[in-house]
Amino acid sequence: MNQRRKMPKSLYAMKPNELLGALHLEKPFQGRQIYRWLTRGIVDYEKMTDLSKTLRSELQESMPSVLSTTVLTHQEDETGAIKIALRLHDGLIIEAVLLTDDKGRSTACLSSQVGCAMGCTFCRTATMGLERNLQAFEIVEQFVHLLHIDPSVSHIVFMGMGEPMANFDEVIKAISFLHDSDGFNIGYRRITISTCGLVPGIKALGELNLPIKLAVSLVAADDKLRTLLMPVNKAYPLTEVKEALVGYQATVQKRFTLEYVMLKEQNTSYEDATKLASFIRGLDVMVNLIPWNPAAELAWETPTAKEISRFTKALEQMGVPYTRRHARGKGVNGACGQLAVQARGRNTQ
Ligand code: SF4
């Protein structure tokens, strides 16, 4: 290999033949060897024992790190949720979270953008604005860092920073890398994309017709209230979101989730339940109720237990299928809607 040539920022999210080109290697099997190590989470050339010593030291010299990101901080709370902050190659910072459920199943919650432009009023990430989209390798690297913490991580959700549908191509590229059966082999059914309701993204995902799980953050089934809480509703009002979801389900034929963040005295009345019941008519959905996770800089409040119980009773009466998400990660500000960093500075926690 010629060490003076330009090297990539990361060796992740590349197929074996792309590795070959990027590293200026000549023998096709070397690309496959490196790919195999990378997709076992091995990032140290010295541990890539089937590469020749010469190649290992050439790689070490020309590209000292296979990763473009470094872990800045690592925090854990009493639920076992672990949040890491990562510094990107340009100095920006993102966060990713590892969540373990009661059955011991580990899920990587990944970011798709640095910050977010969607402006949801109940979300800390929105306060950052959008810095930039992440590239596929930066998405995959979040998974790799979490894998180093827990080698059993088996599920992925795109519910970290950013709107994945606004960075659709890079998110799908990262997913296809993570899914490859010769690599990390994460089944599509174990991957969830969450969107605030970007209609073109829902349509594009439907067109791919892959069994990737979809979650749509609804939060209110009334246009006026939803626009107040989620400005994206101005561009894509409820009728358009529903139309896209009906189309999506006609193609993918898969139940999806509607996320419903509950805000005290805002979206939990009997009337709100009625509107929600009417919105889901004709759709095969599970409503995921999420009591709002407090964030000091935002003015909303978490509903009381009584308020939640009144709302869930109303949903039951109306035959709305729902689950209640148990907040994990609250202690590290890693729960839903709580991720935020000063993009170029310190982690805000
Ligand atoms: S909830 Fe999601 S889409 Fe909305 S601002 Fe936060 S990160 Fe962006």
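Tutor: With accessibility. A residue is called buried under 20% relative accessible area, exposed over 50% and partly exposed in between, using a 1.4 Å probe on protein chains only. The model is predicted, so local features need pLDDT of at least 70 and side-chain atom pairs count only at pLDDT 80 or more, while totals for chains, interfaces and linings use all residues. Residues are numbered from 1 along each chain as its sequence is written, and side-chain values use heavy atoms, with hydrogens and water left out.

Student: Is Cys196 buried or exposed?

Tutor: Cys196 is buried, with a relative accessible area of 5%. Cys196 sits in the loop between β8 and α6; helices (H or I, at least four residues) and strands (E, at least two) are DSSP runs, numbered from the N terminus.

Student: Which residues does Cys196 touch?

Tutor: Contact means heavy atoms within 4.5 Å. Leaving aside residues up to four places away in sequence, Cys196 touches Met118, Cys120, Glu163, Ser217, Arg226, Met230 and Val232. Cys196 and Met118 are 78 residues apart in sequence, and their C-alpha atoms are 8.0 Å apart in space.

Student: What surrounds the ligand?

Tutor: A residue counts as near a molecule if one of its heavy atoms lies within 4 Å of it. The shell around the ligand consists of Cys116, Met118, Gly119, Cys120, Cys123, Thr125, Ala126, Gly162, Glu163 and Cys196. By class, six are nonpolar, three polar and one charged. Here Ala, Val, Leu, Ile, Met, Phe, Trp, Tyr, Cys and Pro count as nonpolar, Asp, Glu, Lys and Arg as charged, and the others, Gly among them, as polar.

Student: Which residues of helix α6 are buried?

Tutor: An α-helix has 3.6 residues a turn, so residues three or four places apart point the same way. In α6 (residues 199–208), the buried ones are Val199, Gly201, Ile202, Leu205 and Gly206. Seen down the axis, they fall within an arc of 165°, so they line one face of α6. The arc is that of the directions from the helix axis to the C-beta atoms. The cover over these buried residues includes α5, β8 (191–195), β9 (213–217) and α9 (238–252). After α6 comes Asn209, whose phi is positive, near 50°.

Student: And which residues of α3 are buried?

Tutor: In α3 (residues 53–62), Leu55, Arg56, Glu58, Leu59 and Ser62 are buried. They cover an arc of only 165° around the axis, which puts them on the same side of α3. The face turned away from that side carries the exposed residues Lys53, Thr54 and Glu61. The buried residues of α3 have α2 (28–38) among the elements that cover them.

Student: Where is Asn185, and what is its phi?

Tutor: Asn185 lies in the loop between α5 and β8. Its phi is near 60°, a positive value in a residue other than glycine. Asn185 is partly exposed, at 47% relative accessible area.

Student: How much space lies in the second largest pocket?

Tutor: Rolling a probe the size of a water molecule over the atoms shows where empty space is left. On a 1 Å grid over the protein atoms alone, probed at 1.4 Å, a pocket is an open set of points with protein on both sides within 12 Å along at least five of seven lines, and lining residues have an atom within 4 Å of a point. The second largest pocket holds about 220 Å³. Of its 13 lining residues, the closest to its centre are Pro8, Lys9, Ser10, Gln135 and Phe137. Its volume is the space filled by probe spheres set on the points, with grid points joined across faces, edges and corners. Helices α4 (136–149) and α5 (168–179) each supply at least two residues of the lining.
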